[in-house]
Amino acid sequence: MATTSRQLALDSFVPLTVRDSTRRAGTRRATTTATSIASQDIICALSESRGVSSIVGIAFVNLATAEAVLCQICDSQTFVKTITKIGIFEPSEVLFMRTAQETKLRYIIEENLPGPVLTFVDRRCWSDKAGLEYLERLGFPDEAESLQTTLERNYFAACSFAAAMRYIEIELERTFAARSLRIRFEPCEGSMVIDLTTIVSLELIQNRQDVKSKDCLFGLLNATTTPMGARLLRANVLQPSTERVKLTARYNAVEDLSTKQDMFVSVRQALKGFVDADKVLTSIILVPVKRTVQYIEQSVNYVIMLKTYVSAIKKVYLALGPAQSEILTTIRELCHPAGHRAVEELIAKTLNENVAYQNKPLDLRNQRIYCVKTGVSSLLDVARQIYKEANADAAELVAQLGENFDMLLDLKYDNARQYYISLPAGRIEPLPDVFINVYRKKNRIECQTLDLVKLNQKIADAHSEVISLSDQTIQGLLHDVCAEVASLFRISEAIAMLDMLASFAQIATSYGYIRPELTATLTIKAGRHPIRERIHSSAFVPNDACATPQSRFQIITGCNMSGKSTYIRSIALMTVMAQVGSFVPAQYASFPITRQLFARMATSDDVDANVSTFAAEMREMAFILRHIQPCAMVVVDELGRGTSTTDGLAIALALSEALLACNAWVWFATHFHDLARILSERNGVINLHLVADITPYASKMTMLYQIAEGPVPDRRYGLELAKLTDLPPKVLETASRISQSMNRLTERRSSTSRAVTLARKRKLLLGLREELIMAHNGTMDDASLRQYLMKLQRDFILQMARLEQETQSQIYDESGMPEGGIVEEHTCGQSAVGEAQSGKPLDEDRAAITSSGSLLLDSEIESGSESPKLI
């Protein structure tokens, strides 16, 4: 009956293909540079809601590190969040309900994630009650109650957890010890969402040209010395935090480590040679349903590795003595000797002090016999004494035979024959009849005697008894250790965090990184591309960046190879670094909290998907527009280059308008100079360019790689660059003549109109409002604030006067009659300058800031648009 029940359970798991069904629990994927660590065996289970709203419950169970991560995602119809989450964890197998074989989610995963095996599980394995039972049985005691409350509110996550655990127990024939599995619920909030295309485009985990290269963001930041730290760093690079408190605490810890050299050196030394604690603890708590000889033989090694891990914790505790930051003091408290003393005492009472890790068969045999201390088990002591005496009798027997027959006899051992006699093959006389089982091997003769065979049997019986009693003692020790495994896992997580922070401190110290600030605006002074500056032998040219709500859409133009792509990539990479908790390569940097990151970089044809360059661009931009939210960051490079110039400009302009309406932070690198001209008067748009120095006779073009305000001044840099080649002079003259004609035509079409002037006034007023609000919320002293306000007022009046003059000239052109009020307004502006210079009380200045900002805001609300109403 039991066999039939088990067979029914096994039949409930149906692999997708015959090829996939050959995979078994022991199979491991190859090590990849994408992870930079050994691949892990991760089982993922999915549970999808029915109806219009797509709610997906996901459970990831890592069999290598004994960790379960649960989440429940309210997703779109394209399941982008689900795909991103699965892509980050890289599971080796994905479980579906058997009834979900034809669902859209299955086909989307199959198309976007070809790596994992798809397995379909019977519906009865997906039970929320079973998930809660697994949680109560396997979860840490002090966390089970809060997790149970969370899972009761997340039905689909609980179902997925139950399916994953049942599959591991029945199909993979493994089970976790009670109260030993790390289970955490990971909400959608709290981390930046980075889609898989952006991860590849920005080279966050892997270099695009060379998969074995470390020239990627993960490779740059990975100065960790423990496997746990490397795994934590990778997880943070793929899912940067959006919690301000957590990031500030990490900055404090990195600063604490980087400013205290002695403590930093001690911490790095303490972390060197640390075993993979997660895998050591997992090997103890993850027990096969049928215990194999290999598992029992390795059990002593597991305990020895655990002993090595526990003994190394004290070094970390001592190294963190001078720590003052919150994270480091918390890690120090977790590593206090009192927290793991019970485990140390258990191991010390059971194992001999000199027992060491072994991997050879004979060494493993002796290790299992002598690893347990004398006095722990009286029966084991007796069996071990019998075993010793039998081995001594075998050695004495061979020595006696050598004396009796005057021969040089050696006692040898192998697993098949156990003890046997070896002697040189040079003797001519036949061997005495006492020797049996004679074999000749080249220059040696191997044989046994009847007494030796009897002793071998006695030794084998004694050895079996010793091994059995020794294994019972070791398994009892492992059972006792499992009761303390929760605290050991917490220490492992603390050491992983310490290793990651020490890695950040190492890089910050070595390359002159600075601590970023978290503000409402993005400001970078002398920022550098973190990867490129490590690759280039020459000094990297730093650049500034500034983005506020009134400059949230930045168009970057410039000639080819001027550094546009590098500039926008560096901003995105520094943003990720800041939200991981690392310092950044700049002289000063402040970042807003970014909740989404999208990158649309220059692509080529996708031959495998039968998609052209233009189609790939449009598909990526459609994805961004469908999922973008406020506070997102978007970097776009070379959009619309895969089609005609007119169509490309039109599409780039339309997509820019859509991105502007989303209130996201956008950096748009383009060769469409008309795009910069058309959008230059829009609120929130500024133009930047990368400077190139062209000699007067076009004999040389030098890229300065410096960002500057405004669109690129010389629109004919392509012609200047062409002059440096071997093109015929007549061709170049014709191209220059056509370019000049087209420029004159464009200038006539783009003459200033009253609508353009009005848009410029709107933009000027909105910029003034933003400057006033920033000054009001700033920390300038009284003298600096007064000076700043006077300068701001002068600049505003001069710019407004220039716009009024443009308006007056337009009216003269249209009717020949001036419009009243211009001179009067200009006079008012001059009187305002005089009042500012006369030195009003500072309290009135601050009140003016507040009232000006409020009046502008009120005018926006009354007008019902994003710009204030002008009268």
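Over residues 632–648 the chain is 24% helix and 35% strand, with the end C-alpha atoms 24 Å apart; helices (H or I, at least four residues) and strands (E, at least two) are DSSP runs, numbered from the N terminus. For these residues UniProt lists "domain: DNA mismatch repair proteins mutS family" in an unreviewed entry; UniProt positions are given in the numbering used here, feature names are shortened, and annotations may be inferred rather than shown by experiment. The model is predicted: local features need pLDDT of at least 70, side-chain atom pairs count only at pLDDT 80 or more, and totals for chains, interfaces and linings use all residues. Residues are numbered from 1 along each chain as its sequence is written, and side-chain values use heavy atoms, with hydrogens and water left out.

In helix H5 (residues 128–138), the residues Gly131, Leu132, Tyr134, Leu135 and Leu138 are buried (under 20% relative accessible area; exposed, over 50%; partly exposed, in between; 1.4 Å probe, protein chains only). Seen down the axis of H5, the buried residues fall within an arc of 155°, so they line one face of the helix; the arc is that of the directions from the helix axis to the C-beta atoms. They pack against helices H6 (141–152) and H7 (155–170) and strands S7 (174–176) and S8 (182–185), contact meaning heavy atoms within 4.5 Å. Lys129 and Glu133, on the other side of H5, are exposed.

Phi of Ala66 is near 55°, a positive value in a residue other than glycine. Ala66 lies in the loop between strands S3 (54–62) and S4 (67–75) and is buried, at 0% relative accessibility. Lys442 also has a phi near 55°, but is exposed, with a relative accessible area of 86%.
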